[in-house]
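User: I am new to this structure and would like to learn how to read it. Please take me through it one feature at a time.

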Amino acid sequence: MVRNGARTYGSRRGRGAVLAVLAVVLGLLAGFGQGPAPAWGAGGAACQVSWVGNEWTGGFTAQVTVTNSGAAVSSWKLSWTFAAGQQMTSGWNAQLVQSGTAVTASSLSYNGTVASGGSVSFGLQGTWSGSDPAPADFAFNGASCQGGSGTPSPTPTPSPTPSPSPSPSQSSSPSPSSSPSPSSSPSPSPSSSGSTGCAGAGTVVCSGFEDQSGSSLSGDWTVAAPDCSGAGTVTVDTAVAHSGGRSLRVNGQAGYCNHVFAAATANVAAVGPVVYARYWVRHTTALPADHIAMVTMADSADGNKHLRLGGQNGALQWNRESDDATLPAQSPVGVAQSVPLPVNQWVCVRFAVDTTRQSMDTWLNDQLVPGLHDDGVPTADIDQQWLSRTTAPRPVTLDLGWEAYGNGADTLWYDDVALGSAPIAC
């Protein structure tokens with residue numbers, strides 16, 4: 001066959017075919033370097049990845065920052081594999097999907113655009129057994145990244161309750177659009193720089209603290225300690241702000257009954273039938289294993305006992321002062337349905353509390369937190385305890401600050417705070 005082929009190429013017809021093929025090849029070679037550059041530049045890496053982990057026995061969180069080393073993109077996917085079989089339980093600032101050891105993080109509506117040289121961050125929580133190495137094989141929109149080994153996990157922090165992982169194919173960050181009532185809010189857009197983005201009908205609290213002239217609260221806000229006071233402080237800060245030039249700074253202290261808050265002076269008793277709230281928060285220390293609260297609201301339907309949004313076992317939770325019920329339940333199954341509060345970055349928290357029936361929802365950066373969703377139907381180990389009280393809450397105050405019941409100190413900043421009768425976007 002080879003000899004026959006050689007004779008064929010020796011014919012006039014064969015020589016013409018060879019010349020035609022050579023012309024095509026030479027044309028392709030001549031074209032190299034003249035057309036558009038590859039998406040990530042010739043020989044360049046798609047991105048650089050920083051993986052900052054926080055590890056405890058059986059669990060971890062990671063803050064991931066991706067720097068785009070190529071052309072600007074309007075949407076992105078970052079993929080990697082877990083070398084030791086780690087399993088995700090939740091995430092924020094990205095849509096996260098795991099299948100086996102493979103993970104993909106996809107951009108959301110508000111963070112898909114990344115300029116050349118720009119960065120975007122997201123976070124995740126998960127479980128591990130045996131070892132917990134940082135991933136090393138990142139790819140950005142399908143192209144390999146440089147420096148993908150990331151930052152090793154630091155010394156373990158106090159252990160939150162280990163959480164079982166969801167099904168590998170399950171998305172860890174549900175979309176806000178999947179939320180049933182009470183929320184009728186469309187997917188909110190990020191607030192503009194320097195604006196609270198909350199002026200509108202039915203809004204009774206709309207504050208970026210720009211009206212505060214000194215370091216002490218005045219006007220629309222006052223310092224309060226609803227139950228008891230400790231060593232914590234609340235001041236107006238001009239060095240750190242989400243928008244504008246001021247924010248509310250809280251130095252929260254550890255120890256039982258270290259309570260300090262900024263209380264809104266506005267009357268929120270008539271807001272409804274659904275109470276919608278939004279605030280931006282930044283803090284420095286991961287949520288502790290012990291119970292803390294960051295937002296408290298007196299509930300007139302529960303003897304003015306407080307409805308509290310805070311954390312326990314390293315994840316966000318609602319707590320009811322009257323019976324100490326939590327949403328979600330502080331079981332491994334319940335905690336796995338919540339998420340931690342990212343540190344050292346501004347994040348948007350929104351919640352909706354229906355005053356006509358047991359129905360609540362909470363979003364972190366526009367991602368519905370499954371464990372903080374109350375649909376009125378009891379689910380064992382998640383919201384069965386919470387729904388033991390059937391009367392709908394009726395918030396009548398709004399306090400922002402820090403409330404510790406044991407270990408747990410933190411420095412927090414609040415900004416662009418809003419509360420009203422209609423959904424308020426991030």
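**Disulfides**

Analyst: A disulfide joins C348 to C426, with 2.0 Å from S to S. The model is a predicted one, and a search of the whole structure finds three disulfides.

User: What is a disulfide in general?

Analyst: A disulfide is a covalent bond between the sulfur atoms of two cysteines.

User: Is the link of C348 and C426 right-handed or left-handed?

Analyst: The angle about the S-S bond is -85°, and the link of C348 and C426 is left-handed. This pair connects distant parts of the chain: C348 is in strand β20, while C426 is in the segment after β24 (410–420), 78 residues apart.

User: Are C348 and C426 buried or exposed?

Analyst: Both C348 and C426 are buried.

User: How far apart are the sulfur atoms of C47 and C145?

Analyst: C47 and C145 form a disulfide with their sulfur atoms 1.8 Å apart. The link of C47 and C145 is right-handed, with 90° about the S-S bond. Here too distant parts of the chain are linked: C47 belongs to strand β1 (residues 47–56) and C145 to the loop between β9 and β10, 98 residues apart.

User: How does the relative accessibility of C47 count, as buried or exposed?

Analyst: C47 has 0% relative accessibility, so C47 counts as buried. C145 is buried as well, with a relative accessible area of 16%. The cut-off for buried is under 20%.

User: Which cysteine is joined to C198?

Analyst: C198 is joined to C206 by a disulfide, S to S 2.0 Å. The link of C198 and C206 is right-handed, with 90° about the S-S bond. C198 counts as buried at 4% relative accessibility, whereas C206 is partly exposed, with a relative accessible area of 35%.

**Strands and sheets**

User: How do strands come together in a sheet?

Analyst: Strands of a sheet pair through backbone hydrogen bonds, either parallel or antiparallel.

User: In what order do the five strands of the open sheet stand?

Analyst: The order is β5-β6-β3-β8-β9, and the pairing is antiparallel. At the edges stand β5 (95–99) and β9 (143–144); each has a single partner strand, so one side of each is left without a neighbour in the sheet.

User: How many bridges pair β5 with strand β6?

Analyst: Five bridges pair β5 with strand β6 (residues 102–106), in the antiparallel sense. To find this pairing in the view, look for L96, which stands opposite A105 in β6.

User: What should I know about side chains along a strand?

Analyst: In a regular strand the side chains alternate between the two faces of the sheet.

User: Which strands are joined to β7 by bridges?

Analyst: Strand β2 (residues 59–68) is joined to β7 by nine bridges, and the two run antiparallel. Strand β4 (residues 87–92) is joined to β7 by five bridges, also running antiparallel.

User: Why is strand β7 largely enclosed by the rest of the structure?

Analyst: Strand β7 (residues 119–127) has nine residues, and seven of the nine are buried, so the strand is largely enclosed by the rest of the structure.

**Backbone details**

User: Where are cis peptide bonds found?

Analyst: One joins G272 and P273, with omega about 10°. P273 lies in the loop between β14 (258–264) and β15 (274–283). Another cis peptide bond joins L327 and P328, with omega about 0°. P328 is in the loop between β19 (326–327) and α3 (332–335).

User: What is the phi of F209, and where is F209 placed?

Analyst: Phi of F209 is near 65°, a positive value in a residue other than glycine. F209 is placed in the loop between β10 (203–207) and β11 (221–224). With 0% relative accessibility, F209 counts as buried.

User: What is the phi of N344?

Analyst: Phi of N344 is near 55°, again a positive value in a residue other than glycine. N344 is in the loop between α3 and β20 (347–354). At 47% relative accessibility, N344 counts as partly exposed.

Notes: Residues are numbered from 1 along each chain as its sequence is written. This is a predicted model: local features need pLDDT of at least 70, side-chain atom pairs count only at pLDDT 80 or more; totals for chains, interfaces and linings use all residues. Side-chain values use heavy atoms; hydrogens and water are left out. Buried means under 20% relative accessible area, exposed over 50%, partly exposed in between (1.4 Å probe, protein chains only). Helices (H or I, at least four residues) and strands (E, at least two) are DSSP runs, numbered from the N terminus. Two strands pair if DSSP finds at least two bridges between them. A disulfide is a pair of cysteine sulfur atoms within 2.5 Å.
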